[in-house]
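Welcome! Take a look at the sequence and the model before you start.

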Amino acid sequence: MSRPEDTLPPDLHYNDTEARKYTTSSRIQTIQASMTHRALELLDISSPSMILDIGCGSGLSGEILSSIDPADGGPHIWVGMDISASMLDIALQRDVEGDLMLADIGQGLPFRAGTFDAAISISAIQWLCNAESSEVSSTGRLTRFFNGLYASLKRGGRAVCQFYPKNEQQRTMISGAAIKAGFGAGILEDDPGTKNAKLYLVLTVGGSAEEGAGEDITGVVKNLDGVDVLDARRKHKEKGRKDFKKGSKAWILSKKEQMERKGKVVKHSSKYTGRKRNIAF
Ligand SMILES: C[S@@+](CC[C@H](N)C(=O)[O-])C[C@H]1O[C@@H](n2cnc3c(N)ncnc32)[C@H](O)[C@@H]1O
């Protein structure tokens, strides 16, 4: 079966008709609600918090954030970001309580550093694996998103992103981009091996040693079944910065890689890359 992510960009896929169909489907409402509750459980927040809902759509997930009982640590205040004007229009008509922003998360997150206590994203970030034009790369979009998310969260903050990767490569691409941005990361899989399997990327922003919170992803997910801890920060640190001689082939290749991560289109590398030119008279 073809995936909508492979067919159209999200803002075109979620047009007025699709957005209405999505929001009024009771099957979708039930699934999205149960995944939102699972994400909240993984966030493990005990008091009313400021939460970013990434790819909030018509507010199905946000609505749950507003309705959490004080006894369960709610209700939460939330800000929703989405690229589809039709989805946000329905959220407005449904009078959701969060503030809504029409924006592409692949361009980064335009918030002051440390604005949010936590973030959730339900069924949205796999869309970033598809770049809509040849001027941008999906790696660059993922990098900008996770760098922005990392900066927008308070130290010790957490994010839980439920997502539907198309394949193992997308799963690795997404979790790899999160780790590169500095997050401690773990993937939790519910109902693995079934057609109802659900993946949750659990992310922590390093807290200070005194706070003790958020320092290590294993603290978040260690007692849960089906958890794959992906914390590669130590490995990154050990590898350290590579110092290449300016102008050398290795230096040029690492610059090209850096530009690619920023979403720039760079020329393919070949055996001629970095080769000295003959002096022309
Ligand atoms: C399956 S819907 C989920 C909506 C909502 N989270 C829910 O649980 O009902 C996916 C949403 O992600 C949004 N989305 C996809 N790519 C996006 C991007 N680059 N920036 C912002 N939103 C995006 C889509 O517009 C759509 O509303």
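**Exercise 1.** Decide whether glutamine 169 is buried, partly exposed or exposed.

*Solution.* Start with the count: glutamine 169 has 10 C-beta neighbours inside 10 Å, so this residue counts as exposed. The cut-offs are these: a residue is buried if 20 or more other C-beta atoms lie within 10 Å of its own, exposed if 12 or fewer, and partly exposed in between, with C-beta atoms placed from the backbone. Next, locate the residue: glutamine 169 sits in helix H7. Helices (H or I, at least four residues) and strands (E, at least two) are DSSP runs, numbered from the N terminus.

Two notes before going on. This is a predicted model, in which local features need pLDDT of at least 70 and side-chain atom pairs count only at pLDDT 80 or more, while totals for chains, interfaces and linings use all residues. Residues are numbered from 1 along each chain as its sequence is written.

**Exercise 2.** Describe the chain as a whole: which elements does the chain have, and what share of its residues is buried?

*Solution.* First, the elements: there are ten helices and eight strands. Second, the burial: 39% of the 281 residues count as buried. Third, the contacts: among those with a separation of 6 or more, 70% are between residues 24 or more positions apart. Two residues are in contact if their C-beta atoms, placed from the backbone, lie within 7 Å.

**Exercise 3.** Work out how helices H6 and H7 meet.

*Solution.* Begin with the axes: those of H6 (residues 138–152) and H7 (residues 168–180) come within 9 Å and cross at roughly 45 degrees. Axes are lines fitted to C-alpha atoms, for helices over the stretch in contact, and angles run from 0 to 180 degrees between N-to-C directions. H6 and H7 are therefore oblique to each other. Here angles under 35 degrees count as roughly parallel, over 145 as roughly antiparallel, 65 to 115 as roughly perpendicular and the rest as oblique. The crossing is right-handed; in a right-handed crossing the near helix is turned clockwise from the far one by less than a right angle, and in a left-handed one anticlockwise.

Now list the residues: H6 contributes Thr139, Leu142, Thr143 and Phe146, while H7 contributes Met173, Ile174, Ala177, Ala178 and Lys180. By class, six residues of this contact are nonpolar, two polar and one charged. In this scheme Ala, Val, Leu, Ile, Met, Phe, Trp, Tyr, Cys and Pro count as nonpolar, Asp, Glu, Lys and Arg as charged, and the others, Gly among them, as polar.

**Exercise 4.** Which residues have the most contacts inside the largest nonpolar core?

*Solution.* They are Ala119, Ala178 and Leu201, in a core of 61 residues. A nonpolar core is a set of buried Ala, Val, Leu, Ile, Met, Phe, Trp, Tyr and Cys residues joined through C-beta atoms within 7 Å. Then follow one of them: leaving out residues up to four places away in sequence, leucine 201 touches Cys161, Phe163, Ile174, Ser175, Ala178, Ala185 and Ile187.

**Exercise 5.** Find the backbone features at proline 75, aspartate 44 and serine 123.

*Solution.* As background, most residues other than glycine have a negative phi, and most peptide bonds are trans. Glycine 74 and proline 75 are joined by a cis peptide bond, with omega about -10 degrees. Proline 75 lies in the loop between helix H4 (60–66) and strand S2 (77–82). Aspartate 44, not a glycine, has a positive phi of about 55 degrees. Its loop runs between helix H3 (26–43) and strand S1 (50–54). Serine 123 also has a positive phi, about 60 degrees, and is in the loop between strand S4 (116–122) and H6.
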